[in-house]
Every structure is written in structure tokens, then in C-alpha cells.
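Have the model open as you read.

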Amino acid sequence: MRIERDTERGRAVTLSVNGQSLAAFEGEMLATAMLHHAAAFRRDTRGLERGLFCNMGSCSECMVTLLPSGRRARACLTPVSDGMEVRTDG
């Protein structure tokens, strides 16, 4: 979900979430780009999609894996970058 009126955006970038290309803008948080494209953050034990909860770094519901390092990060606190690769399944 992005504010569309009276807003200046950073440069357009492309990232990959679970192998799916997503368009985003420099300066956005990874969670913003994922929400805009309705990408699930993870699945629960029943296979149901999970989304954000707090969106301010407290709950870790949006934890993702950044590739190729394997570093775990909270999507709500991680700025996007061009060519970024992300996995949500572990």
C-alpha cells in the first residue's frame, strides 16, 4: 500500500521475493514493497499466509531471509535495494 498523491519516489528498483520479481522504489522498506504486491511474509503451521503485525520492528512477524548471506532481517526495518533477493520460508 503506497501513498500515490503528492509524493516523490526514489529511483525504481527490482527485487526478488521467493523468486518473484517485485517493483519498488529506493527509500521504501521491504515490507512496503511486499504489501504493495500482496506477497505473504510467511506461512503458519497449517500453510496459511501470515502478514505484518506491528510494522515497527517489535514483533518479528515479518522476519525474512536475505540472500545470498542468509541473514535474517525484519522486513519492516529493511530498506529495499536493486537486485535484492529475499526468501520468506526460512
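Asp6 counts as exposed, with a relative accessibility of 79%; exposed means over 50% relative accessible area, buried under 20%, and partly exposed in between (1.4 Å probe, protein chains only). Asp6 sits in the segment before β1 (12-17), and its phi is positive, about 55°, even though Asp6 isn't a glycine. Most residues other than glycine have a negative phi.

Asn55 does something along those lines: not a glycine, yet phi is positive at about 60°. Asn55 is found in the loop between β4 (49-50) and β5, and at 45% relative accessibility Asn55 counts as partly exposed.

## Where the numbers come from

This is a predicted model: local features need pLDDT of at least 70, side-chain atom pairs count only at pLDDT 80 or more, and totals for chains, interfaces and linings use all residues. Residues are numbered from 1 along each chain as its sequence is written, and side-chain values use heavy atoms, with hydrogens and water left out.

Strands here are DSSP runs (E, at least two residues), numbered from the N terminus.

## A cis proline

Leu67 and Pro68 are joined by a cis peptide bond, with omega about 5°. Pro68 is in the loop between β5 (63-67) and β6 (71-74).

## β1 and its partners

Strands pair if DSSP finds at least two bridges between them. β1 runs antiparallel to β2 (residues 20-25), with six bridges joining them. The two form a hairpin with two residues between them, and Asn18 in the turn has a positive phi of about 55°.

β1 also pairs with β7 (residues 85-87), this time in the parallel sense over two bridges. Val17 has Gln20 as its bridge partner in β2 and stands opposite Val86 in β7.

How values were computed
Helices (H or I, at least four residues) and strands (E, at least two) are DSSP runs, numbered from the N terminus.
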